[in-house]
Each structure stands twice: as C-alpha cells, then as structure tokens.
Amino acid sequence: MPPIRILSTQTLSDDYYLLKKTTFELERRDGSWATCTRESYDRGNGACILLYDPARGTVLLTRQFRFPAYANGHPEPLIEVCAGLLDEHDPETAIVKEAAEECGVEVTKPIRLFEAFMSPGSVTEKLTFFVAEYSAATRTGAGGGLAHEGEDIEVLEMPLAEALAMAKDGRICDAKTIMLLQYAALNKLMG
C-alpha cells in the first residue's frame with residue numbers, strides 16, 4: 001500500500017448518497033510527497049447477476065431509465081443485468097432479493113464470480129458479480145422493481161447471442177452487463 005496521510009475531509013453532500021472532498025499526501029514512487037485533493041462519491045457496495053437459461057440459451061435483462069446516462073446524452077433507458085445495492089446484506093442475500101424484485105426470479109444458488117470497482121477514480125462502490133440459472137419454474141413473479149423506490153423496470157428475455165450483438169453495436173452500453181455477457185460467452189454457459 002502506498003503511504004498516505006489524510007490532511008482533511010469535508011462532506012460536500014449527504015443527501016441521497018455521500019460526497020466527500022479529501023485532501024491527502026501521497027508518497028510517490030520516487031520517495032517525494034504529493035498533496036492531492038479528490039472528491040469521492042460513496043453510494044455503498046452492490047451486486048449484479050446474469051440470469052441465464054442454458055436449456056433455451058436465453059438471458060434475463062432489465063431496461064430502466066437512468067438519469068446520469070440521460071444527462072450524458074443517452075436518452076434511451078439502459079439495458080442491464082439485475083443489480084442493486086447491498087444495503088445491510090451480504091452480496092449473496094442482496095442479489096437473491098434483487099432478482100426477485102427486479103426480474104421475478106427465485107434464485108437459490110447464485111454463483112459468485114469476482115468483485116470489481118467500476119469507476120475507482122471517483123466512486124467507492126465495489127460490485128460483486130454473480131451468475132445463476134433460471135427456468136420457467138423459477139419465474140415466480142412479474143418483477144419490475146419496487147415502485148416506492150422509484151423503480152419502473154421492464155424485464156427482457158432474449159437469446160444470449162442477441163444480447164452479445166446488442167453489446168457489440170452499442171444498444172447495451174452498461175459495463176457490468178457487458179462484463180457478465182462476455183463471461184457467459186467465454187465460459188460457454190449456454191453449452
């Protein structure tokens with residue numbers, strides 16, 4: 001770990017999530033010290049899951065409006081894998097809950113793959129990535145998210161090949177989704 005000395009921390013916003021400005025000294029590789037100021041956005045850690053049906057070669061994805069993407073010139077709702085914040089749960093418990101809420105799928109054995117920081121230059125969030133099989137028997141509800149949390153989620157079912165083509169041509173432009181679709185293709189989850 002690089003030697004670091006925190007000089008000051010200031011809370012800039014504590015509304016929906018926490019935005020802090022931190023000034024610190026960091027020892028550089030040449031032994032000199034640099035004073036840096038960075039803002040970090042803390043929204044908590046999260047989990048995401050690719051739900052796949054190996055018998056039919058399909059995946060379940062979601063489509064929902066994301067204001068930050070809209071503000072950056074992407075007015076269409078984003079197509080994504082099921083995901084959510086951990087809140088006070090462990091990643092496995094959180095993703096089972098999210099799969100039921102967002103996709104209407106009962107997940108009993110999520111397979112934990114890896115963890116990744118998605119935007120480590122400014123966001124503290126670390127995501128835990130999962131895959132799990134689904135079938136008609138595990139589709140226990142309509143999904144759609146929780147209205148009281150402002151969610152209005154459309155559930156999409158499509159062949160993995162179609163989802164991969166959508167990632168290639170830009171219709172799917174969410175990083176966690178692209179990572180899990182590529183994982184499915186590289187590891188031949190569809191047989």
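I count Ala, Val, Leu, Ile, Met, Phe, Trp, Tyr, Cys and Pro as nonpolar, Asp, Glu, Lys and Arg as charged, and the others, Gly among them, as polar. The model I examined is predicted.

**Entry 1: the largest pocket**

I looked up the volume of the largest pocket and found about 1,300 Å³ of space. Its lining has 33 residues, and I noted Y17, R43, R66, E80 and K176 as the closest to the pocket's centre. I then sorted the lining of this largest pocket by class, which gave 16 nonpolar, four polar and 13 charged residues. Next I asked which elements each supply at least two residues of that lining. I found helices α1 (67-71), α2 (91-103) and α4 (175-186), together with strands β6 (78-80) and β7 (82-85).

**Entry 2: the second largest pocket**

I read about 200 Å³ for the second largest pocket. I listed its lining as T22, R38, E39, S40, F117, P120, G121, S122, V123 and T124. By class, I recorded three nonpolar, five polar and two charged residues in this lining. Strand β3 (residues 33-42) gives the most to the lining, with three residues.

**Entry 3: the sheet that holds β3**

I followed β3 into an open sheet of three strands, ordered β1-β2-β3 with antiparallel pairing. β1 (4-14) and β3 are the edge strands, each with a single partner, so one side of each has no neighbour in the sheet. I noted an average twist of 15° from one strand to the next. Between β2 (residues 18-27) and β3, which run antiparallel, I found 10 bridges. I also looked up the bridge partner of K20 in β3, and that partner is S40.

Terms used. Residues numbered from 1 in each chain as written. Predicted model: local features only at pLDDT ≥ 70, side-chain atom pairs only at ≥ 80, totals over all residues. Heavy atoms only, no water. 1 Å grid on protein atoms, 1.4 Å probe; cavity = no way out; pocket = protein on both sides within 12 Å on 5 of 7 lines; lining within 4 Å. Points joined across faces, edges and corners; volume = space filled by probe spheres on them. Helix = DSSP H or I, 4+ residues; strand = E, 2+ residues; numbered from the N terminus. Pairing = 2+ DSSP bridges. Axes fitted to C-alpha atoms, helices over the stretch in contact; angles between N-to-C directions.
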